[in-house]
Amino acid sequence: MGVPQPLTEAEIEAAMAGVPGWQRDGETISRTYPIRYHAAVAAIVTIADRSRRVQHHADLDLRMDHLRAAITTHDAGHRLTEADFDLAHRIDAIVAAHQALPLD
């Protein structure tokens, strides 16, 4: 597997349209999920397992009433790649399965 290729600005804009609720801050995308603490812990375990399988990881910040996920591709110089948006979709599905309430 080679080094992931950064997306162009147009590709990033198109990909952002496919991940509602996610926000872009430079070369990182993030989303905050309101979720009970114990449900978030369970979601984090599942996110970690899936991340290991796809060899791509998010930065996760757990608080009492919410979970924040932030993603960028470290191997591409901290730039956005297709892998980031794939992981965003996976995290959305995992958190939804753990009964999070969407922000949007």
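**Exercise 1. The sheet**

In strand 4, His-66 is the bridge partner of Pro-34, in a model that is predicted. Work out how the strands are joined by bridges, and in which order they form the sheet.

*Solution.* Begin with the contact between strand 2 and strand 4, which run antiparallel and are joined by six bridges; the pairing of Pro-34 with His-66 in strand 4 belongs here. Next take strand 3 (residues 59-62) and strand 4 (residues 66-71), also antiparallel, between which there are four bridges. Within this pair, Leu-62 has Leu-67 of strand 4 as its bridge partner, while Asp-59 is partnered by Ala-70 of strand 4. Three residues lie between strand 3 and strand 4, and the two form a hairpin. Then turn to strand 1 and strand 2 (residues 28-34), which run antiparallel and are joined by three bridges, with Thr-28 of strand 2 as the bridge partner of Asp-25. Put together, the four strands give an open sheet with antiparallel pairing in the order 1-2-4-3. Its edges are strand 1 (23-25) and strand 3, each of which pairs on one side only. From one strand to the next, the twist averages 25 degrees.

**Exercise 2. Helix 2 and the sheet**

Determine which strands helix 2 touches as it packs on the sheet, and which of the residues of helix 2 are buried.

*Solution.* First, helix 2 packs on the sheet by touching strand 3 and strand 4, and its direction makes about 165 degrees with that of strand 3. Third, list the buried residues of helix 2, which are Ala-39, Ala-40, Ala-43, Ile-47 and Ser-51. They cover an arc of only 105 degrees around the axis, so they fall on the same side of helix 2. The general rule behind such a pattern is that an α-helix has 3.6 residues a turn, so residues three or four places apart point the same way. Finally, the cover over the buried residues of helix 2 includes strand 3, strand 4 and helix 3. After helix 2 comes Gln-55, whose phi is positive, near 60 degrees.

**Exercise 3. The aromatic pair**

The structure holds one aromatic pair; classify the geometry of the rings of Trp-22 and Tyr-33, and state which parts the pair ties together.

*Solution.* In general, a pair of aromatic rings is described by the distance of the centres and the angle of the planes. For Trp-22 and Tyr-33 the ring centres are 6.4 Å apart and the planes stand at 80 degrees, so the pair is edge-to-face. As to location, Trp-22 lies in the loop between helix 1 (9-17) and strand 1, and Tyr-33 in strand 2, so the pair ties together parts that are eleven residues apart in sequence. Consider next the accessibility: Trp-22 has a relative accessible area of 5% and is therefore buried, and Tyr-33, at 3% relative accessibility, counts as buried too.

**Exercise 4. Gln-99**

Find where Gln-99 is placed, and decide whether Gln-99 is buried or exposed.

*Solution.* Gln-99 is in the segment after helix 3 (82-97). Its relative accessibility is 60%, so Gln-99 counts as exposed. Between Gln-99 and Leu-7, which are 92 residues apart in sequence, the C-alpha to C-alpha distance is 32 Å.

Methods: Residues numbered from 1 in each chain as written. Predicted model: local features only at pLDDT ≥ 70, side-chain atom pairs only at ≥ 80, totals over all residues. Heavy atoms only, no water. Buried < 20%, exposed > 50% of the residue type's maximum accessible area, 1.4 Å probe, protein only. Pairing = 2+ DSSP bridges. Arc of directions from axis to C-beta. Contact = heavy atoms within 4.5 Å. Axes fitted to C-alpha atoms, helices over the stretch in contact; angles between N-to-C directions. Phe/Tyr/Trp six-rings, centres within 6.5 Å; stacked < 30°, edge-to-face > 60°.
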